[in-house]
Amino acid sequence: MINIPINLNNINCRIQQALATTDRCIKDIILVAASKGQPSEAIRIAYALGQKHFGENYLQEALKKQQELSDLSDICWHFIGPLQSNKARKIAENFDWVHTIDKAKIAKKLNISRQDNQPPLNVCIQVNISEEESKSGLSVQECSEVSTAVKALPRLNLRGLMTIPQHNATEIEQRKTFKAMSKLLLRVRDSSPQLTTLDTLSMGMSSDLEAALQEGATIIRVGSAIFGPR
Ligand SMILES: *Cc1c(COP(=O)(O)O)cnc(C)c1O
């Protein structure tokens, strides 16, 4: 049996422990519960325990759950799946964060679609730091350029960078990726006066959240360790 209360409690303990050797505390971290493939009831259970941030990967699935959970007024929805331009409008209208911007063009679409009566959409730029051919995400070189373009869009609030390490990476490789992301965020911040406000590193999942937090993650996205296997 999956026990969401125990799992959430374990994750919060893991976060606290990982931060013990850093100068940050749990209040500085956003835990996004990655709820793809999970029913609304599972989200409701986590929400009742104080979990407010949820991450979804697929628009249709997310819209259905958002409707079922529309009574939870202060829930915060993060889009963490691949972006397609034909979905940009609905994503801009129905999410609070988008983590997976990989080109300026899709950011422009989100910007146009974000409504004036909504606060700016929080966004991160997805970086492919191991530069695998098969993965989406920007190379390091493209990152500053796209950041500058996204920063100029008034309906978006560029917050920082996101990455998903290679699937089969060793612990040492993961940590190297996270370290490189921290450095990259500093470099992007330093590359232009407009970018000094970037404050977010979205990295770390069920199996590698400790390394991510120790290397500077401010958002971790955790699925299976909360909800069980998909
Ligand atoms: C599913 C998913 C996660 C969570 O992964 P777990 O290994 O289940 O914790 C995090 N980030 C993204 C982008 C995901 O798609």
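## A buried loop residue

Met 203 is found in the loop between strand S7 (200-202) and helix H8 (209-214); helices (H or I, at least four residues) and strands (E, at least two) are DSSP runs numbered from the N terminus. The structure is a predicted model, in which local features need pLDDT of at least 70 and side-chain atom pairs count only at pLDDT 80 or more, while totals for chains, interfaces and linings use all residues. Residues are numbered from 1 along each chain as its sequence is written, and side-chain values use heavy atoms, with hydrogens and water left out.

Met 203 counts as buried because its relative accessible area is 0%, where buried means under 20%, exposed over 50% and partly exposed in between (1.4 Å probe, protein chains only). Leaving aside neighbours within four places in sequence, Met 203 is in contact (heavy atoms within 4.5 Å) with Thr 163, Phe 178, Met 181 and Ser 182, and also with Ala 212, Glu 215, Gly 216, Ala 217, Ile 219, Ile 220 and Arg 221. Cys 25 lies 178 residues from Met 203 along the chain, and the C-alpha atoms of these two residues are separated by 17 Å.

## Aromatic pairs

A search of the whole structure finds 2 aromatic pairs, a pair being rings of Phe, Tyr or Trp (its six-membered ring) with centres within 6.5 Å, called stacked if the planes are under 30 degrees apart, edge-to-face if over 60 and tilted otherwise. One of them joins Phe 54 and Trp 77, whose ring centres are 6.2 Å apart and whose planes stand at 45°, so this pair is tilted. The Phe 54–Trp 77 pair links distant parts of the chain, with Phe 54 in strand S2 (residues 53-56) and Trp 77 in strand S3 (residues 76-79), 23 residues apart. Both Phe 54 and Trp 77 are buried.

Phe 79 and Phe 95 also form an aromatic pair, which is edge-to-face, with 5.3 Å from centre to centre and 80° between the planes. Phe 79 belongs to strand S3, whereas Phe 95 lies in the loop between helix H4 (88-94) and strand S4 (97-101), so that the pair, with its members 16 residues apart, links distant parts of the chain. Phe 79 is buried because its relative accessible area is 2%, and Phe 95 is buried because the corresponding value is 1%.

## A charge over a ring

The charged end of Lys 52 sits over the ring of Tyr 47, at 5.5 Å from the ring centre; the criterion is that NZ of Lys or CZ of Arg lies within 6 Å of the centre and within 35 degrees of the ring normal.

## Helix H3

In helix H3 (residues 59-68), the residues Leu 59, Ala 62, Leu 63, Lys 65 and Gln 66 are buried. The buried residues of H3 pack against helix H2 (40-48), S2, S3 and H4.

Gln 66 has its place in this helix, H3, and counts as buried because its relative accessible area is 11%. If residues up to four places away in sequence are not counted, Gln 66 touches Trp 77, Asn 94 and Phe 95; Trp 77 is a member of the tilted pair, and Phe 95 is a member of the edge-to-face pair.

## The ligand site

The residues around the ligand (a heavy atom within 4 Å) are Ala 34, Lys 36, Asn 57, Ile 80, Ile 164, Met 205, Ser 206, Arg 221, Val 222, Gly 223, Ser 224 and Arg 230. Of these, Arg 221 is also among the residues in contact with Met 203.

A polar side-chain atom of Asn 57 lies 2.7 Å from a ligand oxygen atom, a backbone N or O atom of Ser 224 lies 2.8 Å from a ligand oxygen atom, and a polar side-chain atom of Arg 230 lies 2.9 Å from a ligand oxygen atom. Taken alone, the ligand exposes 390 Å², of which the protein buries 87%; accessible areas come from the Shrake-Rupley method with a 1.4 Å probe, and for residues only the protein chains shown count as cover.

## Other helix positions

Ser 147 has its place in helix H6 (residues 140-151) and counts as buried because its relative accessibility is 0%. Neighbours within four places in sequence aside, Ser 147 is in contact with Ile 125, Leu 158, Val 188 and Leu 195.

Asn 9, in helix H1 (residues 4-19), is partly exposed, with a relative accessible area of 47%. Asn 9 and Leu 49 are 40 residues apart in sequence, and 9.3 Å apart in space from C-alpha to C-alpha. Lys 108, in helix H5 (residues 104-113), is likewise partly exposed, with a relative accessible area of 47%. The C-alpha atoms of Lys 108 and Asn 12 are separated by 36 Å, and these two residues are 96 residues apart along the chain.

Note on methods:
Polar contact = N/O pair within 3.5 Å; in protein donor to acceptor, adjacent residues only side chain to side chain.
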